[in-house]
There are 2 protein chains.
Amino acid sequence: MDYELYYWPNIPGRGEFIRLALEEAGAGYIDVARSHKKGQGVQALTALLTGEDVQHPSFAPPFLRHGDLLIGQTAAILTYLGARHGLAPEDEAGRLWTHQLQLTIADLVVEAHDTHHPISSTLYYEEQKAEAQRRAAIFRTARIPKFLGWFETVLNRNPAGPHHLVGDAATYAELSLFQVIEGLRYAFPRAMARTLGEFPRVADLSCAVADRPRISAYLASPRRMAFNEHSIFRHYPELDG
Amino acid sequence: MDYELYYWPNIPGRGEFIRLALEEAGAGYIDVARSHKKGQGVQALTALLTGEDVQHPSFAPPFLRHGDLLIGQTAAILTYLGARHGLAPEDEAGRLWTHQLQLTIADLVVEAHDTHHPISSTLYYEEQKAEAQRRAAIFRTARIPKFLGWFETVLNRNPAGPHHLVGDAATYAELSLFQVIEGLRYAFPRAMARTLGEFPRVADLSCAVADRPRISAYLASPRRMAFNEHSIFRHYPELDG
C-alpha cells in the first residue's frame, strides 16, 4: 500500500523532510497535492485539512496517510517511517536520540524561516524587511554556528564514528540535516561559505547523504523541487552576510 | 529509581511541561538545578550540557536522566514518560496522535515566546520592543484563535467525548495544553478574557486539568513556580490587547 504525502505543491518546505525519508526507504508514495489525477491535487489536501469529518485533522501540512492512519507534524511522521523502514535504531535509547536530533533540526528550521518572517507569516516579506535584517544578522553570526557546532559535537561523540549521527547507519535525522544544510547554503551562500568550513564533519555528512544511491537518483529526478522564495529557505541577498 | 529533571532553576519555561507529567504520574523525581544538595544545583545541569564526555548532549534544557538514558527535547521526554506512566495510549495510532498534539503545542509555545523576542533571545526585550508590539498584535488576534480553534475542533471530534484530547483519559498533551492556557492568560490577560470564551471545550479542559487531584496538590505546593518575566510567557501590558 502506497503512502500518501500531503504537502503544498510548489514549495519544498517541510514536505521535503518526508520525501527524503520515503525516497531513501525506496517506499512507494503519492505526492498527492502535486498529482493531476482525479481525486488528487491540492483539493485533496484541503479536504483533509478542513473537512468536518476528519477525526485527526492536522494543524498544517505536511501530513501522511497510510491505511487508516493520518499523521501530521514532520517529526511525528518521521518516527513512523523511521520505525517501518530501518531509518532509526530499534532500541528505545537509539530511537529517542534520533528523535531528539530531529526535534532540534525542527527548531533550527523555525529559526531559519523566521529570518525572513520575524513578525508574521501573514505579512509579506517586504512588510517586515527591516526586522528581517536584524534577525538574519544574529541568525547568521550566532545561531547557525551554535546549531552546526552542536551537530559537529554529536558526530564527534558518536561511538560508531563521525560518519553518521546515530550508530553506523543512516537515519531520518541525517537526511533532514542534509536538507537543512542545503537550504542554508541556498539562503545564505556567503555566510555559509565562511561558516560551513568550521564544521567539517557536518559538511562531510551532508555530502555523503547526497551521494547515497537512492538520494542521488532522487535529487536528479523531477520529483526534487528547487528551493524558492516562497518556502522556508529563501535567498534574499540583503539577508546574507 | 527517581527521574532527574534538568531545567533552569528560576523559570517555569519548558521544564514545566515535564514537571506536570511527572506530577500527574506520581513519579519520584529530583528537580536537579533547583536542589541545594551536594552534586546537584545548576552546576550539575551545566556539566551535562557542556561536559565533553556526555555522549548524548542536549542542545538546550530541559533534559531528563533516568538510569543510563539522557533524553532532551520536551516532546521526546514526554513520549518516554507517556509510555511508562499511562499518559498516552498504548496503540500506535493513539500514541502518534498524542505526539502530534504535543508538537503542535510546541509550535504555539515558540510563537508565544517570540512575541517578546521576535529578533533574538540574545537581545533584551527593550531592544526589540517595537518589533514585539507588531508581532504580539498578530499573535493575539490571529494565532491564538487559530491554535485554540484547532484544539476546540480536536475536542469536538474526539469519539470518546470532548472532555479529553485523546480517548477517555488524560494524556501528557492535555497537561501541556493546560500549561499553555495558563501561560497565555498570564501573558495576555485582556486578550484571553475576550478570546477564551470562544473556545469553551478548551477552557473546560484546562479547568479540569487544574482540578485533577495530583495536579491540584502540585499547583498548591512550593514545587510549582509562578510565571515571570524571564520565561516563555511574560506579562508586558503593552503587548496585551
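## A tour of the A–B interface

Start with Arg135(A) and Asp114(B): their side chains form a salt bridge, 3.5 Å from N to O. (A salt bridge is a side-chain nitrogen of Lys or Arg within 4 Å of a carboxyl oxygen of Asp or Glu.) The rule finds four salt bridges across the interface of chain A and chain B.

Before moving on, note that this is a predicted model, in which local features need pLDDT of at least 70, side-chain atom pairs count only at pLDDT 80 or more, and totals for chains, interfaces and linings use all residues. Residues are numbered from 1 along each chain as its sequence is written, chains are lettered from A and ligands numbered from 1 in the order in which they are written, and side-chain values use heavy atoms, with hydrogens and water left out.

**Select the whole interface.** Here 47 residues of chain A are in contact with 47 residues of chain B; contact means heavy atoms within 4.5 Å. The area buried between the chains is about 4200 Å², with 61% from carbon and sulfur atoms. (Buried area is the accessible area, 1.4 Å probe, that two parts lose on being put together, summed over both.)

**Pick out Phe59(A), Arg134(A) and Arg157(A).** In chain A, these lose the most area to chain B, together 19% of what that side buries.

**Show polar contacts.** Between chain A and chain B, 27 residue pairs are in polar contact, both residues at pLDDT 80 or more. (That is a pair of N or O atoms within 3.5 Å; within protein, one must be able to donate a hydrogen and the other to accept it, and residues adjacent in sequence count only if both atoms are side-chain atoms.)

**Colour chain A by element.** Helix 4 of chain A gives the most, with 11 residues. (Helices, H or I of at least four residues, and strands, E of at least two, are DSSP runs numbered from the N terminus.)

**Now go to Thr115(B).** This residue sits in helix 4 (residues 92–116) of chain B. Is Thr115(B) buried or exposed? It counts as buried, at 1% relative accessibility. (Buried means under 20% relative accessible area, exposed over 50%, partly exposed in between, with a 1.4 Å probe and protein chains only.) A polar atom of the Thr115(B) side chain lies 2.6 Å from the backbone oxygen of Ala112(B). Beyond four places in sequence, Thr115(B) has contacts including Phe139(B), Phe188(B) and Leu239(B).
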